[in-house]
Amino acid sequence: MAAQTQQAKNSFVPWIHTIVMFVLLASGWFLPTVSTITPFGMKVVGIFIGLIYGWMFVGLIWPSLTGMLFLSFAGLGTAKAVFGQGFGSEIVLLIIFFGVFTKWLEDIGLTNTFAQWLLTRKFLSGRPYVFIFMIFFVTFLCGFFVGIYATIFLMWGICYKMLLNLGYGKQEKTSAFLLIGVAYVSIMGMTIKPWSPWSLLGTSAMTKATGLAYDFLPYSAFMCAVSLSSILLFMLAGKFIIRIDTSKLKNVDYTKLAGKIDFTFEQKIGSILLIFILVALYLPSTLSKESLLYTILNNLGPVGVVGIVTVLLCLIRSKQKPMMDFAKTAAQGVPWNMICLLACVGPLGTALMHEDAQITPAILSLLKPILAGQSPFMMYALITIIGLILTQFMNNTVLLVALTPILCKIAGLMGANPLIITALLVFGLSAALATPGASSRAGLVFGNVEWIAVKDAYFQNIISVVCVLIALLAVGIPLGMLLF
């Protein structure tokens with residue numbers, strides 16, 4: 001009976017969250033205006049709060065679609081215009097095409113082959129900390145190529161076998177350090193790419209709010225420097241604070257496994273196309289804007305470049321069939337949760353920053369006493385610290401979507417650089433590991449009780465967040481002030 005009662009309560013909870021979300025979405029139609037905010041602005045504020053609640057407790061897809069309908073009802077534009085602005089954006093196209101391409105890379109096994117090759121290099125033998133760094137570096141590169149969760153499961157599988165072969169037990173702090181380190185580093189590779197879904201959440205919100213945009217090369221250079229600093233700090237913490245046992249790693253020799261690596265025809269084509277994409281996307285940052293090559297690549301843009309690659313994969317035949325079955329790969333590789341969220345974020349950002357809403361002046365009047373007189377460096381530091389704390393207890397995707405446009409708009413008015421703020425938020429909010437509910441990655445770590453003791457999960461994850469904070473304050477902010 002008790003089990004049935006609990007099941008009934010659990011089935012009723014989603015309906016409660018749904019009702020609360022709709023009440024919040026509609027609240028702006030009934031509440032009086034506040035400060036400088038207009039009646040239209042109050043409707044937008046209600047929709048904004050309702051969407052945040054819905055994204056946190058209901059889901060991402062249908063709450064996003066509902067929010068776009070409410071924006072239309074509020075007067076932002078017709079439903080056709082609002083949905084067109086959202087789903088017709090470059091960001092959505094990028095997510096679709098890159099999602100398909102990265103899924104294809106995963107399917108042909110390129111990432112697995114690449115990881116095995118790197119971990120069987122001769123110079124790693126007898127150098128435990130170099131070997132650990134290589135594990136994290138491979139994780140970083142795999143995260144860059146195929147995404148977070150495929151990387152975590154791939155590298156955890158490799159680590160499980162390696163740890164058992166070397167004699168490390170389950171729930172030992174050294175085993176926990178490697179597995180937590182993989183989860184810690186996995187998202188860093190994704191932050192490097194300005195066209196990744198995570199990066200686009202922040203950069204597109206900034207562009208909507210300020211009209212500014214990043215050059216790809218400085219953005220990636222910033223993320224690379226902060227990532228490397230964070231990884232090295234975590235390794236130092238492993239040696240001097242966590243005190244991992246590396247004695248069993250001193251005799252590691254996996255070079256004999258290198259002969260078993262099979263670099264297939266599909267993987268060779270995938271490597272060539274991947275290099276083409278990287279060169280085509282980063283090269284414009286180094287070219288003169290008057291050159292013909294710059295004009296061609298700039299006109300293509302990221303969507304055109306990956307579109308060319310997609311067409312080539314559908315044209316090239318291997319084993320009597322196209323190398324890519326686009327429909328099949330797209331069915332598995334397109335992240336609809338992220339697409340619907342981003343489609344909603346576009347018109348929502350437009351509404352929040354709309355002159356007819358007058359929301360920005362109201363927020364500025366609240367924050368001005370706190371931020372007034374602060375140097376840009378202190379503003380960046382405060383935003384970084386607040387963001388890192390909040391992301392341990394709130395959904396980091398929702399935080400990135402909500403905080404970026406508001407903070408960029410306000411900071412820009414107060415003399416700070418929105419490009420720096422966005423870069424700090426994109427990297428800082430990704431460090432959501434200190435609590436089980438901080439992110440899906442944190443859930444994987446805390447849920448892996450077979451290998452990671454709960455006390456190690458809390459202790460080492462908190463240390464990882466501190467490492468990110470130090471890296472952003474000591475390296476990220478000064479470097480950002482030079483690059484952007």
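Predicted model: local features only at pLDDT ≥ 70, side-chain atom pairs only at ≥ 80, totals over all residues.
Along the principal axes, the C-alpha atoms fill a box of roughly 70 × 60 × 60 Å.

The secondary structure consists of 22 helices and two strands. Of the contacts with a separation of 6 or more, 79% are made by residues 24 or more positions apart. Buried residues account for 52% of the 484 residues in the chain. The accessible surface amounts to about 21200 Å², and carbon and sulfur atoms contribute 68% of that area. The chain carries 28 positive and 15 negative charges, whose mean positions lie 5 Å apart.

Ser 35, in the loop between helix H1 (2–26) and helix H2 (39–57), has a positive phi of about 55° although it is not a glycine. The relative accessible area of Ser 35 is 56%; the cut-off for exposed is over 50%, and Ser 35 is therefore classed as exposed. Arg 243 lies in the loop between helix H12 (216–242) and helix H13 (265–282). Its phi is also positive, at about 60°, and Arg 243 is likewise not a glycine. Arg 243 counts as exposed because its relative accessibility is 57%.

Methods. Residues numbered from 1 in each chain as written. Heavy atoms only, no water. Helix = DSSP H or I, 4+ residues; strand = E, 2+ residues; numbered from the N terminus. Buried < 20%, exposed > 50% of the residue type's maximum accessible area, 1.4 Å probe, protein only. Contact = heavy atoms within 4.5 Å. Areas by Shrake-Rupley, 256 points an atom, 1.4 Å probe, with all protein chains shown as cover. Lys, Arg positive; Asp, Glu negative; His and termini not counted. Charge placed at Lys NZ, Arg CZ, Asp CG, Glu CD.
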